[in-house]
Amino acid sequence: MGIDKQDSVKSLFTAQSAKVDTNRGDAYYEELYAQCRGRLDELKKLAPLNNRMDFKESIEDEGLERRDFLKWASATTAMLMLPASFTPLVAEAAVMMNRVPVIWIELSDCAGNTEALIRSDGPKIDEIILDIISLEFNETLLAASGHQAEKQLEDAVEHFKGKYLLFVEGAVPMGLNGQYGTIGANGETFHDHLQRLAKDAAAIVAVGSCATFGGIPAAAPNPTDAVGVMDVVKGKPIINIPACPANPSNMVGVILHYVLTGGIPELDSLLRPKFAFGYRIHDNCERRAHFDAGEYVEEWGDEGAKNNFCLYKVGCKGPMTFNNCSIVRYNEGVNWPVGVGRGCIGCSEPDFWDKYAYERPMANANIKAPTGGVEKTVDEFGLGLLTAAGVGIAIHAAASAVAGKKENQGEA
Amino acid sequence: MAKKHIIVDPITRIEGHLRVEAVIDENNKIVDAYASSTMFRGMETIMKDRDPRDCGLMAMRICGVCTGTHYQRSIEAVEDAFNVTIPKNARLVRNLIQGALYVHDHLVHFYHLHALDFVDVIAATKADPELTAKESVKWAEVAGHKPYISAAADFKAVQERLLKFVKEGRLGIFGNGYWGNNSYNLTPEQNLIGVTHYLKALDIQRNLAKMQAIFGGKNPHPQSIVVGGVTCVQDIKNPARIGLFKSLLKEGTEFIKGAYLPDVYMAGTMYAKEATDSEATYTGKGGTGGGILNYMSYGDFKLDDTGFYNAENLFPSGIVMGADVSKVFEVDADKITEDVAHAWYEGTGAPEHPYVGTTIPKYTGLEKKEDGMAYLKTEEKYSWIKAPLYNGKKMEVGPLARMVVGYAKGDKRITKYVGNFLKRSGLPITVLFSTVGRTAARAIETELMADVMVEWVDELAKNVAMGDDSTWTEFDFDVVSKECKGAGMAEAPRGALGHWMVIKDGRVKNYQAIVPSTWNAGPRDETGQLGAYEAALIGTKVSDPEQPLEIIRTIHSFDPCIACAVHVVDTNGKELAVYKVDPNCAF
């Protein structure tokens, strides 16, 4: 492959996308604080877009204690990688979220991200859709169908021109002139639908693996020529929240950040918010000590499995995957794929279906990813080197070298 | 002619992309209907040439709503091919993962995808909270349970929240709904109960989903099922995990029995006139929304460890024709064919066995007319869904089919739950063969599943406590994957689901899936037999042709999952291997 191993490791550890500054220094935060303060004061002057009861009131109505809310706010502050002093601002921003109209569209999708959204626990989904954001359109939840649904969408676009966040779930099929997917009485293609709605959006949030990088429809041989949103929409800020499905905390985090600062969060080379995707699964993994000690599950259900050993040899792709799963986990922290003894399939990385999603380590994948892939490189770094902490990570270097060309576009 | 052609696209509150066109006569009665899926992804093409062990996770992405069911079917197809029988713990864990999906999915379907077809949100603002409380107690009594919410103050709080929402601002997801339509039958108080439970159910479903995550790792898209068993050893060995599962189940069951069931009794009673109106049907039997009345179930949820297709099932397999519950036919998988006369694929014209079908997309598009609309070319091809047939006949699948087949077979558990519903509601059995019946059957099944899961989780805890902590059956991949084929034929929440796989030299040679919504949402076949959705709409009276409320009510009662239905094709038809179901696994 011609990639120098030492260089790869070095470039990975110094790459922007692989490192997050959790402390930027007082001057930075003071400035940011002032910016957020100003933004919130601006927002306060506006009437809530939906004129609904505010979040504070709704928590009281729901019998939630104020301290629960503050607990949530401080956890969210930490998730957004802000100092604790920002907690009151985050709480204020949450109360203010009903100023942000959201239009959510579905293209070549499975509705998994909508389902994930309704599992949101902080804040809870009924609060999100009734009190917090102004969810103007979402096919899975919308009461009206057909012409009335289309009208609801048109109204929302008209009313919130240039102000709404457009959430996109699902890939964009480009084959057959886009006709692998149509929507509405006039048979508009998914591609045209997306472009039309993107035009008047303040920013676009691509949620899930399909909308970000093409996901399952784009897996080899990509029968419908499916692509992600960023491949076709130009001239608009785009935030990618990959994973299959995306973690609802990261969706809420992005909205909150937008309310707080009026901008999009800092992004990595793949347009993913660093507050969520600046972590490598492996680095925060609860089984990491077993990796370092060279203790592995060798096959399903063995003694290693019964002792929660490292899952690398049964295919865990945690070392190659950037996401905050090992920190926030899923379904209110109930569990996550490594916890359940299966391991990570790399679902927040581009082309993971062809590169990562199998139950063997990359060295003996027993499959040729139809689109190529990086097995050779992995072999070189294979099992022999595993006990040296962090070497599995080098595998990622090859992927980031490919992705590197997008590095600078991603910065907000 | 005063006939009118209505297009409903998009149909919202479903998974996927669906269009329905209906023709109504001068009395606003539907005389013709067409269902069309408007999205194609080509999932099976993607599976080809992969390691069969990897297909489960990909197959799961067919649908994010019935999440985990395609996953398990795909894994089972491989296990059937490899002749692997999973350990008892794995069988119970899988039953719990799928059972959790059933109760979660059915609940979300009823409240968030379907209830607004019965419940007028805006009318709830006119309710008297005191009377609402009484009404809520009344329906809970009919269901034989304690009401989940019974305090007037709770209903009042929701009403105030709603009033503020309605009075001052944009309605968001409730915007532009069919509020005030004549075919909403509930009283303001009943509507307020519906809205209150709608909101509470948003909360409840989060916790029900956690049950799947305990043993599955996450929801949607769990990750613990592998060929040979499951991976969640530490979760089954930890009593705290079992305890959490049980407490979540208990909490969810209280809502199912104290809110979901009472609401279904309430809706069933208030919509009983429609549900028993045999005039408003396609066949002259059953009630509004009845449709073709042929019901099929493959059977599912293994109750013992005898392995593939020998184990006793919670839901028995079988076929009931023409709503005649006096006869049940056994399912013979060889009698399944697929027809593409009206589907956007190349075909020979005659229905083909799905395993030999050569299917190549042939999109012929919609017809743009002067009114700016694009219409289905109903005389030609008009959907991405093929038309599956059993023995040349159209079938309906789903909870109603499972309950009808179980009832007709005299299954003890199912007969008890169905009988109980009919007795308590005072409605005749014919009420089941309708839109309302489909919705009621789903609720009956939810209660049954919630109850039986308690038995399974205790069985699991006991088995582990006895010292059995095995979760995986070993097999030699290189040996078993040389040349084989297998089927995962069972039930998804939405109905009969089959995944078929041909494996050669460790790779997938051919992959086929026929999913519930293919059966239900398919277009006409070459002889002109209507699909289940299409037939169900015929005869329905639409009170306001501008508002397709009755149409979506019936379509929603099937719980459409269109992304599921559409992947069932192989664009690269030339290399399709001939595939026959192993006679050992025929039902």
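## Terms and model

Helices and strands are DSSP runs, numbered from the N terminus: a helix (H or I) has at least four residues and a strand (E) at least two. The model described here is predicted.

## Cis peptide bonds

In chain A, the loop between helix H10 (208-213) and strand S8 (226-227) contains A:Pro221. The bond that joins A:Ala220 to A:Pro221 is a cis peptide bond, with omega at about 5 degrees.

Chain B has a cis peptide bond between B:Asn219 and B:Pro220, where omega is about 0 degrees. B:Pro220 sits in the loop that runs between H7 and strand S4 (225-226) of chain B. Most peptide bonds are trans, and most residues other than glycine have a negative phi.

## Positive phi angles in chain B

B:Phe301 is not a glycine, yet its phi is positive, at about 70 degrees. The residue belongs to strand S7 (residues 300-302) of chain B. A residue counts as buried if 20 or more other C-beta atoms lie within 10 Å of its own. B:Phe301 has 21 other C-beta atoms within 10 Å, so B:Phe301 is buried.

A positive phi, about 55 degrees, is also found at B:Asn391, again not a glycine. B:Asn391 is placed in the loop between strand S13 (387-390) and helix H11 (399-408) of chain B. Its 14 C-beta neighbours inside 10 Å make B:Asn391 partly exposed.

## Chain B as a whole

Chain B is made up of 587 residues, of which 65% count as buried. It contains 18 helices and 16 strands. The radius of gyration of chain B is 23 Å, while the globule rule gives 25 Å for 587 residues; the two values are close, so chain B is as compact as a globular protein of that length. The C-alpha trace of chain B spans about 70 × 60 × 50 Å along its principal axes.

How far apart in sequence are the residues that touch? Among the contacts in chain B with a separation of 6 or more, 75% are between residues 24 or more positions apart.

## The side of chain B that touches chain A

Contact between the chains involves 85 residues of chain B and 78 residues of chain A. Several elements of chain B each give at least two residues to this side, among them strand S1 (4-8), helix H1 (43-47), helix H6 (152-168) and helix H7 (188-216). H7(B) gives the largest share, ten residues.

Which classes of residue make up this side of chain B? The residues that touch chain A divide into 35 nonpolar, 30 polar and 20 charged.

## An open sheet in chain B

Three strands of chain B form an open sheet with antiparallel pairing, in the order S1-S2-S3. S1 and strand S3 (30-37) of chain B each have a single partner strand and stand at the edges, so one side of each has no neighbour in the sheet. On average, and with direction ignored, neighbouring strands of this sheet are turned by 15 degrees against each other.

Seven bridges connect strand S2 (residues 18-24) of chain B with S3(B), and the two pair in the antiparallel sense. B:Glu21 is found opposite B:Tyr34, a residue of S3(B). Strands of a sheet pair through backbone hydrogen bonds, either parallel or antiparallel.

## A hairpin in chain B

Strand S14 (residues 483-492) of chain B pairs with strand S15 (residues 495-504) of chain B over ten bridges, in the antiparallel sense. Together S14(B) and S15(B) make a hairpin, with two residues between them. B:Cys484 stands opposite B:Ile503, which is in S15(B).

Is S14(B) mostly covered or mostly uncovered? Eight of the ten residues of S14(B) are buried, so to speak of the strand as mostly covered is in order.

## Two helices of chain B

Two packed helices are described by the angle between their axes and the distance between the axes. For helix H13 (residues 435-465) and helix H17 (residues 549-557) of chain B, the axes come within 8 Å and cross at roughly 35 degrees. The crossing of H13(B) and H17(B) is left-handed.

Which residues meet where these helices touch? From H13(B) they are B:Thr435, B:Arg438 and B:Thr439, and from H17(B) they are B:Arg553, B:Thr554 and B:Ser557. By class, the contact of H13(B) with H17(B) has four polar and two charged residues, and no nonpolar ones.

Terms used: Residues numbered from 1 in each chain as written. Chains lettered and ligands numbered in written order. Predicted model: local features only at pLDDT ≥ 70, side-chain atom pairs only at ≥ 80, totals over all residues. Axes fitted to C-alpha atoms, helices over the stretch in contact; angles between N-to-C directions. Left-handed = near helix turned anticlockwise from the far one by under 90°. Contact = placed C-beta atoms within 7 Å. Nonpolar A, V, L, I, M, F, W, Y, C, P; charged D, E, K, R; others polar. Rg over C-alpha atoms; globule rule 2.2 N^0.38 Å. Buried ≥ 20, exposed ≤ 12 C-beta atoms within 10 Å, placed from the backbone. Pairing = 2+ DSSP bridges.
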